[in-house]
Amino acid sequence: MPAPTRRFQPAQRLRHKSEFDRVYRDSRRSTDACFAILTRNSGGTIPRLGLSIAARTIGNAVRRNRIKRLIRESFRQHQHELPAVDIVVNARSGARDADNAVIVRSLEKHWRTVVKQCAAS
């Protein structure tokens, strides 16, 4: 029997500048060579994701879109483990040339860190 689908719903996205600004202003951080992950309690019932993938850091649209697809897929697979927080993922220069496996491992480490940080508070 196939596993239940866990779609990435529109309600799970940060869309407005004010939502991103709120996370940037008051957040916990988790960083490595590939990503800087910022989290803030949302007061909602589900985790929400915002992406900040700068062309200056990552490069052309093909590279940026690959990174975004990997982040969204990793978030979709781990959303059931995450608390109700707003998450902004900033790509760092290490993600530019990293292969998919390195990116996925980095994101999994960050998701675990988010769970620990929220459990501690």
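This is a guided tour of the structure above, stop by stop.

**Before you start**

The model is predicted: local features need pLDDT of at least 70, side-chain atom pairs count only at pLDDT 80 or more, and totals for chains, interfaces and linings use all residues. Residues are numbered from 1 along each chain as its sequence is written, and side-chain values use heavy atoms, with hydrogens and water left out.

Element names follow DSSP runs numbered from the N terminus: helices are H or I with at least four residues, strands are E with at least two.

**Stop 1: the sheet**

Select β1 (28–31), β2 (35–41), β3 (48–52) and β4 (85–91). These 4 strands form an open sheet with mixed pairing, in the order β1-β2-β4-β3. β1 and β3 are the edge strands, each pairing on one side only. From one strand to the next, the twist averages 20 degrees. Strands count as paired if DSSP finds at least two bridges between them. Angles run from 0 to 180 degrees between N-to-C directions, with axes fitted as lines to C-alpha atoms, for helices over the stretch in contact.

**Stop 2: strand β2**

Zoom in on β2. Of its 7 residues, 5 are buried, so β2 is largely enclosed by the rest of the structure. Buried means under 20% relative accessible area, exposed over 50%, and partly exposed in between, with a 1.4 Å probe and protein chains only.

Look toward β1 next. β1 and β2 run antiparallel and are joined by 4 bridges. A hairpin connects them through 3 residues. Pick Ser30: its bridge partner in β2 is Ile37. Then pick Arg29, whose partner in β2 is Leu38.

Now turn to β4. It runs antiparallel to β2, with 7 bridges between them. Here Arg40 stands opposite Asp86 in β4. Keep Asp86 selected; it returns at Stop 5.

**Stop 3: helix α4**

Select residues 100–120. This is α4, with 21 residues. From first C-alpha to last it reaches 30 Å, close to the 30 Å expected at 1.5 Å a residue. The expected span is 1.5 Å times one less than the number of residues.

Which residues of α4 are buried? Colour Ile103, Ser106, Leu107, His110, Trp111, Val114, Gln117 and Cys118. They cover an arc of only 140 degrees around the axis, which puts them on the same side of α4. The arc is taken from the directions from the helix axis to the C-beta atoms.

What do these buried residues pack against? Show β1, β2, β3, β4 and α3 (61–78). Contact here means heavy atoms within 4.5 Å.

**Stop 4: helix α3 and Arg66**

Select α3. It lies across β2, β3 and β4, and runs at about 165 degrees to β3. Within α3, click Arg66. At 21% relative accessibility, Arg66 is partly exposed. Leaving out residues up to four places away in sequence, Arg66 touches Ala95, Arg96, Ala98, Asp99, Asn100 and Ile103. Draw a distance from Arg66 to His110. Their C-alpha atoms are separated by 19 Å, and the two residues are 44 apart along the chain.

**Stop 5: salt bridges**

A salt bridge is a side-chain nitrogen of Lys or Arg within 4 Å of a carboxyl oxygen of Asp or Glu. By this rule the count comes to 7.

- **Lys17 and Asp21.** The closest N and O atoms are 2.7 Å apart. The two residues are 4 apart in helix α1 (residues 17–25), separated by about one helical turn. Lys17 is exposed at 61% relative accessibility, while Asp21 is partly exposed at 29%.
- **Lys109 and Asp32.** The closest N and O atoms are 3.9 Å apart. This pair links distant parts of the chain, 77 residues apart: Lys109 in α4 and Asp32 in the loop between β1 and β2. Lys109 is partly exposed at 33%, whereas Asp32 is buried at 18%.
- **Arg48 and Asp86.** Their side chains meet at 2.9 Å, N to O. Arg48 lies in β3 and Asp86 in β4, so the pair ties together parts that are 38 residues apart in sequence. Arg48 is buried at 18%, and Asp86 is buried at 2%.

Glu19, Arg48 and Asp86 are linked in a network of salt bridges.
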